[in-house]
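Please keep the sequence and the model at hand while reading.

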Amino acid sequence: QVQLVESGGGLVQPGGSLRLSCAASGRTFSSYAMGWFRQAPGKDREFVAAIARDGGATYYLDSVKGRFTISRDKAKNTVALQMNSLKPEDTALYYCTADNDWLRVGVAPNYWGQGTQVTVSS
C-alpha cells in the first residue's frame, strides 16, 4: 500500500510553468508505477502521464507531450510533474496516482492522492 500527497499547485499565467510534487509513503513504493490524472470543471477525469517502476518508461497524453515531464526519485519517495508552456485548458485538479500494475496505472489506478489545484489564467 502507498499513501500519496500532492503539492505545488497554484495560479500561473498562460505560458508559465509549475512543478507538481507527490510525496509517497509506504515500504513498497519502489514497486509501484506512478501517474498523474486531472479533472477540469465540467469534464471527465483525464489521464496525463505515467512512469514505470524503475523510471525507465514514460507515457503521456498527446496534448501534453513536449510540455510536461514526469519523473521519480526513489531515494526521496517522490514523483514530480514538470509542466511548461501551460495553457488555460490545463486548468484542473491534478491527482497523483499509483498502482502495482503498469496496465492499470493509466486507466484505473488503485491509489489516489487528494489533488492539488492548477489554474492557468491571465
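## Terms and model

A residue is called buried here when its relative accessible area is under 20%, exposed when that value is over 50%, and partly exposed in between. The model discussed is a predicted one.

## The disulfide

A search of the whole structure finds 1 disulfide, formed by Cys22 and Cys96, whose sulfur atoms lie 2.1 Å apart. The link of Cys22 and Cys96 is left-handed, with -80° about the S-S bond. Because Cys22 belongs to strand β3 and Cys96 to strand β9, the pair ties together parts that are 74 residues apart in sequence. Cys22 and Cys96 are both buried, which means that each has under 20% relative accessible area.

## The nonpolar cores

The largest nonpolar core has 30 residues, and the members that touch the most others are Met34, Trp36, Leu81, Met83 and Tyr94. Two or more residues of this core come from each of β3 (18-25), β4 (33-39), β5 (46-51), β7 (68-73), β8 (78-83), β9 (92-99) and β11 (116-120). Apart from this core lies another one, of 5 residues, which include Ala33, Phe37, Ala50 and Val105.

Which residues is Tyr94 in contact with, leaving aside its neighbours within four places in sequence? The contacts of Tyr94 are Glu6, Leu20, Trp36, Phe37, Arg38, Val48, Phe68, Leu81, Met83, Gly115, Thr116 and Val118.

## A nonpolar patch on the surface

On the surface, Tyr59, Trp102 and Leu103 form a nonpolar patch, and together these residues have about 370 Å² of accessible area. Tyr59 is part of strand β6, which covers residues 58-60.

With 26% relative accessibility, Asn77 counts as partly exposed.

Ser85, likewise not a glycine, has a positive phi of about 50° and lies in the loop between β8 and β9. Is Ser85 buried or partly exposed? Ser85 has a relative accessible area of 40%, so it is partly exposed.

Note on methods. Residues are numbered from 1 along each chain as its sequence is written. This is a predicted model: local features need pLDDT of at least 70, side-chain atom pairs count only at pLDDT 80 or more; totals for chains, interfaces and linings use all residues. Side-chain values use heavy atoms; hydrogens and water are left out. A nonpolar core is a set of buried Ala, Val, Leu, Ile, Met, Phe, Trp, Tyr and Cys residues joined through side-chain atoms within 4.5 Å. Buried means under 20% relative accessible area, exposed over 50%, partly exposed in between (1.4 Å probe, protein chains only). Helices (H or I, at least four residues) and strands (E, at least two) are DSSP runs, numbered from the N terminus. Contact means heavy atoms within 4.5 Å. Patches are made of residues with over 30% relative accessible area and no salt bridge: like charges are joined within 9 Å, nonpolar side chains (Val, Leu, Ile, Met, Phe, Trp, Tyr) within 5 Å. Accessible areas come from the Shrake-Rupley method with a 1.4 Å probe; for residues, only the protein chains shown count as cover. A salt bridge is a side-chain nitrogen of Lys or Arg within 4 Å of a carboxyl oxygen of Asp or Glu. A disulfide is a pair of cysteine sulfur atoms within 2.5 Å.
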